[in-house]
Protein chains: 2
Amino acid sequence: MTGHIYWKNSVLYLLDQRLLPFKKVYVRCKSLKDVVESIQNMTIRGAPLIGIVAAYGVALGIFETIASMGKIKKADVDRICKSLGRTRPTAVNLFWALERMKEAYGQCGNNAHMPDLMLDEAISIHVEDIENNRMLSLYGAELINDRDTILTHCNAGALATGGYGTALGVIRAAHESGKKIKVIATETRPYFQGARLTAWELHEEGIDVTLVPDNHAGILCSSRRIDKIIVGADRVAKNGDTANKVGTYMIALCAHEHKIPFFVAAPVSTFDKNIENGSYIPIEERGGAEVKYVGDRLITLDKIKAQYYSFDVTPEKYISNFITEKGIIEKPFKKYIKML
Amino acid sequence: MTGHIYWKNSVLYLLDQRLLPFKKVYVRCKSLKDVVESIQNMTIRGAPLIGIVAAYGVALGIFETIASMGKIKKADVDRICKSLGRTRPTAVNLFWALERMKEAYGQCGNNAHMPDLMLDEAISIHVEDIENNRMLSLYGAELINDRDTILTHCNAGALATGGYGTALGVIRAAHESGKKIKVIATETRPYFQGARLTAWELHEEGIDVTLVPDNHAGILCSSRRIDKIIVGADRVAKNGDTANKVGTYMIALCAHEHKIPFFVAAPVSTFDKNIENGSYIPIEERGGAEVKYVGDRLITLDKIKAQYYSFDVTPEKYISNFITEKGIIEKPFKKYIKML
């Protein structure tokens with residue numbers, strides 16, 4: 001599951017996640033506009049990956065501007081970042097990556113090799129993400145016991161990141177260390193990231209995975225069919241409140257009710273040091289059409305209204321621990337998140 | 001939304017709910033086997049409707065046996081009931097209806113008009129169900145305020161019953177009394193009863209309805225976008241623990257967390273006087289294929305395992321009130337359920 005994002009001959013190649021696992025088609029991004037569209041239309045998704053792709057998008061925008069204008073100014077870089085920043089509101093990794101690219105530009109803007117240095121910075125963000133995934137996964141694997149059954153929601157896997165994954169990285173690392181584990185993957189409506197991506201990623205690696213509808217967490221918790229829950233995150237506030245794929249909050253409530261550990265695996269770039277709590281996290285609405293259509297198939301009459309909030313916020317009190325590349329975060333989260 | 005089940009010239013006509021709202025096709029049941037299959041393969045569903053259809057199935061089985069054997073014995077009626085009783089395990093209305101048909105046979109077994117009297121009994125069960133729906137809906141409508149937004153899960157509508165509905169009956173009655181209400185219908189994976197049946201039933205009647213994925217109850221409760229929740233039931237234990245479509249329990253946890261009233265609307269025939277609590281309710285498993293396919297479209301690779309529990313149990317402590325044809329049931333439920 002590597003190679004779902006790579007740069008070659010001035011083109012950013014993105015494996016189209018909307019078609020997986022049925023078709024493997026790469027979208028070729030040759031311009032800033034291509035990258036903006038690929039983030040908006042969910043060719044790629046997953047908070048860390050959105051950040052990485054945006055970083056490459058900045059580099060692409062810089063190459064593009066220089067090719068057409070012969071030069072580039074700070075205002076152009078700001079415009080490029082603004083355009084990428086408007087794509088999706090919830091995942092903070094996007095804004096984190098854009099800030100880092102702006103800082104890099106601040107340091108190398110006058111350097112003759114600036115465009116290549118900016119591309120190097122994007123590649124660094126990409127490579128560091130994979131390293132961080134591996135590091136947090138090693139920490140997280142310590143929390144997993146032999147023969148655990150673990151539920152995960154949406155896809156926080158290799159495909160959601162630069163590679164390896166966060167929640168699925170932890171599962172991978174536990175599996176690689178020889179622990180026999182089973183995974184329950186929620187299908188994750190309406191985009192079926194769990195069905196299409198998570199179940200597929202794990203199945204490909206020989207990890208025992210079973211798909212269930214999102215509404216199954218209740219009965220699985222109450223009947224003690226799961227031992228642990230691990231999810232990724234799109235944004236974590238200073239107090240630990242966590243935005244993740246819609247449905248995460250309900251699963252956390254079930255876990256809490258049945259005293260099942262609920263872990264959030266996320267790199268430090270997912271922690272937003274600017275907001276006190278989850279009420280400040282903007283929640284994206286993506287429109288009813290994405291609910292009403294499964295591919296080209298309607299699940300109800302087209303004239304019926306539908307609504308789709310992409311994310312929800314899980315209050316910190318329902319989270320047992322965060323798993324980061326700097327280690328496991330214990331409570332009180334506010335105190336330890338500050339130290340990240 | 002009437003006429004989804006009727007008897008004509010010795011044939012039971014069932015509107016095929018698997019094809020709604022896209023196609024209106026009636027399945028013609030001419031034999032006990034046809035009825036058994038129609039319940040098993042979900043041509044029809046909904047606890048009260050399963051009971052009604054089973055009652056007609058007993059009559060059909062009696063006609064069939066007499067036609068082929070020239071006579072019928074009590075052992076034949078027992079065999080017919082046993083065959084129908086094996087179709088689906090959770091909805092107690094099925095067993096209630098079969099018991100009632102057996103009692104009717106006990107009273108008219110020696111009567112020359114026995115087969116017609118048995119058909120009359122099935123029709124009575126059908127007609128009484130509609131009357132009970134209307135009565136419980138009038139009681140329930142008193143709990144609804146003008147301008148309420150109400151979330152419902154699965155389909156407890158006209159289509160789940162003899163007509164009119166339980167949870168949707170309450171919503172209908174509130175609407176008919178002039179209250180302006182909005183409804184949020186969860187799509188209800190994997191069969192999309194909410195998307196295909198509930199949203200359609202309500203839209204047809206001019207009731208404002210919005211479809212959401214099942215995983216949206218959390219964010220809708222936490223953001224106070226809903227005022228009340230009403231669902232139907234497949235079986236209620238003596239203490240009030242309630243089996244209903246899988247996912248109900250998670251919604252009830254969200255409602256409780258945010259102090260949103262959670263009502264269960266069900267006729268007295270849904271209350272099982274034989275079991276102390278929800279742990280005794282058998283939960284049907286229907287197999288992974290129903291999760292993996294949306295119509296003929298796969299949502300993941302076919303080789304991936306999937307699991308589907310049709311129902312879950314909501315503990316009585318998360319239920320605000322029951323709404324029955326005998327009135328609103330307050331806590332302590334155990335005391336008042338005993339008096340039904």
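**Salt bridges and packed helices**

Lys102(B) and Glu99(B) form a salt bridge, with their closest N and O atoms 3.6 Å apart; the term covers a side-chain nitrogen of Lys or Arg within 4 Å of a carboxyl oxygen of Asp or Glu. This is a predicted model, where local features need pLDDT of at least 70 and side-chain atom pairs count only at pLDDT 80 or more. Residues are numbered from 1 along each chain as its sequence is written, and chains are lettered from A in the order in which they are written.

Both Lys102(B) and Glu99(B) sit in helix α4 (residues 92-108) of chain B, 3 residues apart, about one turn of the helix. Helices here are DSSP runs (H or I, at least four residues), numbered from the N terminus. At 32% relative accessibility, Lys102(B) is partly exposed; buried means under 20% relative accessible area, exposed over 50%, and partly exposed in between (1.4 Å probe, protein chains only).

Now look at chain A, where Asp78(A) forms a salt bridge with Lys74(A), the closest N and O atoms being 3.0 Å apart. Lys74(A) is exposed, at 53% relative accessibility, whereas Asp78(A) is partly exposed at 28%.

Is the pair Glu290(B) and Arg286(B) buried or exposed? Glu290(B) is buried at 19%, and Arg286(B) is buried at 16%. Their side chains meet in a salt bridge (3.0 Å, N to O).

Finally, helix α2 (residues 47-69) of chain A packs with α5(A) at an angle of about 170°, so the two are roughly antiparallel, a label for angles over 145 degrees on a scale from 0 to 180 degrees between N-to-C directions.

Notes: Side-chain values use heavy atoms; hydrogens and water are left out. Angles under 35 degrees count as roughly parallel, over 145 as roughly antiparallel, 65 to 115 as roughly perpendicular and the rest as oblique.
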